[in-house]
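Here's a quick tour of the model, going from a sheet to a pair of domains and then to a helix. Have the viewer open as you read.

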Amino acid sequence: MALDTHLIGRVWKFGDDINTDLMYPSTVYGLPEAEQARQCFAANRPGWVDEVREGDVIVGGRNYGTGSSRPAARSLRQLGIRCLLAETINGLFLRNAVNFGLPALAVPGVAAAFDEGDLAEIDLAAGRVRNPRTGQELQGTPLPPMLREIIAAGGLVPLLRQRGYVE
Amino acid sequence: MAGMTIAEKILARAAGQERVRPGEIVVCEVDVAVQLDMGFLGERPALRQVWDPSRVVVVADHLAPAADPASAEAHVRMRAFAEQFGLQHVYDVGRQGISHQLVAELGMALPGTVLANSDSHTCAAGAFNCVARGLGAPEMLYVLATGRTWYLCGPTTRFVLSGELPPRVLPRDVVHYIAGAYGDFAGQNLEYVGPTVAAMSMAGRQTIATMSAELSVEFALFEADATTDAYLRARTDAPYTPVFADPDAEYAAVHHVDVSALEPQVALPGRVPHNVAPVSAVAGTRIHQAFVGSCANGRLEDLAMAAEIVKGRKVHPNVRFLVTPSSQQQLKEAVRLGIVETLLEADAVVTNSTCGACFGGHMGVLGPNEVCLTASTRNFQGRMGHPSAQIYLGSPATVAASAIAGCIADPRDLL
């Protein structure tokens, strides 16, 4: 499966320090995955799960995904989020994002460059993003080919299955 | 060419490269892999192989003992997994401890090595000069199957700590202060060095390394010195080679912090970076629950500090003071030394070792609008129970003093 390295999506804006527990509250452990995703951002942005659409993009501020190892990125992907852009990204969250098939780019200046509702044009291979409304282009940290390969497979578990490490 | 920082050097060795620079992605051989009970909650893909059973440690910590049917099933699957692959290092209920404390006690977090675990506080092992960080559950499947994982090397910031900590001001207050003053270090490694560190116990270093996760660090590293050697030699014969930064290593920043005038520091509800205040700013805030425990502060030193403060006193009638040692070993020592008796005499509750109240799963869940002052790791909204509960973070001394007072209190006032 080839990774579509060019994405365009509608932007949802979030602030700094968006933590894993906001995306995946402790109460959802043990629920079916689709139900887990329904509780995403219930504490800080209730109702958002009903508005988000397949192909949408999240733009966050500093320290996105701070917190726990819980599968928060899986919930975002379940809801249709196709890319995460943020000023800086917590490393554990970045790894989980990759492993659950969600591209994530750290892009300095991204929070100021997009309003909610804008489209974001994203080149994952180059790590570049563009706001077609303003014409502004930003350079982020591209994901290395090794990590793009994991995302292209749909996440780490599908890749492990392909390679015979898991059933 | 510039030298390397501690993280760069350890990553280079583990990746079989001469050098590693920030910005590079490397694939490293893992020395120890930790599999938690949490990884067996819900569906889990079935592994076909484990690369080296002798390097795998299985730990019941988040759900120990099982508090509900889902946890009990997880434990049954965990045991079946260990048996299927002939895993010998299994720390089930009765031999349990929080994984980050256990690998320390077992001498399995060694200087210059790489340790893998899903949990976000895995950077705790950095106290032992060990490259370790949380990897999440899917990555652990890959590690268990192949014995390898990738790391994106980030730049390193070095903290040089000097000065003597004042009475009742603890390493926990130091890391709170750093978080409050400097904010997060997402994508970066931290090194902690200097005379204050040299004089600090392993327990204090473990506290700082553990809490560095709340600053979103990649690795939080200490040097291995005589204190490290004394701790490890009492527990293992395994050989190791300490790794020091090169004198000409390149740092993103070097910060000098003098701790000699530090006040106890409290993290306010919601997050830790840029959200810390001196205890005097929040003293008087009424609390309902006080907690000493977790991988951050559940060690003998922390339990002893709590006991010292509550001895001869009683927990305020409006407060539950829960104490959860971070391992069976810590609990046994605390019993032997009379610490548990002192705590119980003061009307504190002493539980078995587990993660417990820290993540709101069991053993002290918070109710609506309750306020908790805790020495555990995290204060995100909803973390320890009801979403309306407010969580403040403090050192074991601050927590114990506050349990007595019924509100957030300065432990130095009880000297």
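## The sheet in chain A

In this predicted model, chain A has an open sheet of seven strands, running in the order β4-β3-β2-β1-β5-β6-β7 with mixed pairing. At the edges sit β4 (104-106) and β7 (137-139) of chain A, each pairing on one side only. Going from one strand to the next, the twist averages 30 degrees.

Take one pair from that sheet: strand β1 (residues 6-13) of chain A runs parallel to strand β2 (residues 57-60) of chain A, and three bridges link them.

## Two domains in chain B

Over in chain B, the domain assignment gives domain 1 (7-242 + 251-257) and domain 2 (266-414). Their C-alpha centres are 23 Å apart. Contacts between them involve 32 residues of domain 1 of chain B and 31 residues of domain 2 of chain B.

What does the domain 1 side of that contact consist of? Helices α3 (99-105), α5 (171-182) and α7 of chain B each put in at least two residues, and α5(B) gives the most, with six residues. By type, the residues on this side of domain 1 of chain B split into twelve nonpolar, twelve polar and eight charged.

## A closer look at α7 of chain B

Helix α7 (residues 202-211) of chain B is largely enclosed by the rest of the structure, because nine of its ten residues are buried. Among the buried ones are B:Arg205, B:Gln206, B:Ile208 and B:Met211.

Definitions and conventions
Residues numbered from 1 in each chain as written. Chains lettered and ligands numbered in written order. Predicted model: local features only at pLDDT ≥ 70, side-chain atom pairs only at ≥ 80, totals over all residues. Buried ≥ 20, exposed ≤ 12 C-beta atoms within 10 Å, placed from the backbone. Helix = DSSP H or I, 4+ residues; strand = E, 2+ residues; numbered from the N terminus. Pairing = 2+ DSSP bridges. Axes fitted to C-alpha atoms, helices over the stretch in contact; angles between N-to-C directions. Domains from an automatic or database assignment. Contact = placed C-beta atoms within 7 Å. Nonpolar A, V, L, I, M, F, W, Y, C, P; charged D, E, K, R; others polar.
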